[in-house]
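Hi everyone, thanks for making time this morning.

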Amino acid sequence: MAQDTSTDAQIKAGEIATETAALTLTATTVIAIVGSPTDRRALLRLPNGRIVPVTPGARTALGTVRSLTETSLTLVNGEDRLTLSLPG
């Protein structure tokens with residue numbers, strides 16, 4: 001039986017969480033993306049160590065969350081776009 005994408009994302013997040021040096025601790029990093037394509041949520045790890053849950057439309061210091069895919073999120077700040085991907 002195939003796993004749903006939420007379960008796949010949880011497994012991937014678990015793998016990343018136990019991997020040495022998988023995250024750049026001095027930058028904002030995506031540590032998990034969960035949910036269905038119409039109801040995705042992500043967890044961002046900020047440079048100060050704080051974990052912030054975000055959904056499309058959420059505002060962060062880097063910009064507004066425009067979209068979430070299975071493996072990345074896109075932030076928009078004026079004309080600038082920044083895509084952050086899950087490590088690994």
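By buried I mean under 20% relative accessible area, with exposed being over 50% and partly exposed in between, using a 1.4 Å probe and protein chains only. Strands here are DSSP runs of E with at least two residues, helices are runs of H or I with at least four, and both are numbered from the N terminus.

A quick word on the source: this is a predicted model, so local features need pLDDT of at least 70, side-chain atom pairs count only at pLDDT 80 or more, and totals for chains, interfaces and linings use all residues. Residues are numbered from 1 along each chain as its sequence is written, and side-chain values use heavy atoms, with hydrogens and water left out.

Now the overall layout. The protein has one helix and seven strands, and along the sequence the pattern reads α-β-β-β-β-β-β-β. Of the 88 residues in the protein, 33% are buried. The accessible surface comes to about 5,700 Å², and 51% of that belongs to carbon and sulfur atoms; these areas come from the Shrake-Rupley method with a 1.4 Å probe, and for residues only the protein chains shown count as cover.

Back to strand 3 and its sheet. This is an open sheet of three strands in the order 1-2-3, with antiparallel pairing. Strand 1 and strand 3 are at the edges with a single partner strand each, so one side of each has no neighbour in the sheet. On average, neighbouring strands of this sheet are turned by 20° against each other, direction ignored; the axes are lines fitted to C-alpha atoms, for helices over the stretch in contact, and angles run from 0 to 180 degrees between N-to-C directions. When I say two strands pair, I mean that DSSP finds at least two bridges between them.

How many bridges join strand 1 and strand 2? There are five, in the antiparallel sense, and Ala-32 has Leu-43 of strand 2 as its bridge partner. The hairpin of these two strands has six residues between them, and Gly-35 takes a positive phi near 105° there. Strand 2 and strand 3 pair over four bridges, again antiparallel. Bridge partners here include Arg-45 with Ile-51 and Leu-44 with Val-52.

The other sheet is open too, with four strands in the order 4-5-6-7 and antiparallel pairing. Its edge strands are strand 4 (59–60) and strand 7 (80–85), each pairing on one side only. Strand 4 and strand 5 (residues 63–68) pair over two bridges, and Arg-59 stands opposite Thr-64 in strand 5.

So what about the core? In soluble globular proteins, nonpolar side chains tend to be buried together. A nonpolar core here is a set of buried Ala, Val, Leu, Ile, Met, Phe, Trp, Tyr and Cys residues joined through side-chain atoms within 4.5 Å. The largest one has 14 residues, and Val-30, Ala-42, Leu-44, Val-54, Val-65, Leu-73 and Leu-84 touch the most other members. Two or more residues come from each of strand 1 (29–34), strand 2 (41–45), strand 3 (51–54), strand 5 and strand 6 (72–77).

Let's look at Leu-84, which lies in strand 7. Is Leu-84 buried or exposed? Leu-84 counts as buried because its relative accessibility is 13%. Contact means heavy atoms within 4.5 Å, and, leaving out residues up to four places away in sequence, Leu-84 touches residues including Val-30, Leu-44 and Leu-73. Leu-84 and Thr-29 are 55 residues apart in sequence, yet 6.9 Å apart C-alpha to C-alpha.

Last, the charges. The structure holds one salt bridge, meaning a side-chain nitrogen of Lys or Arg within 4 Å of a carboxyl oxygen of Asp or Glu. Arg-41 and Asp-39 form that bridge, with the closest N and O atoms 3.3 Å apart. Arg-41 is partly exposed at 36% relative accessible area, and Asp-39 is partly exposed at 47%. Thanks, everyone!
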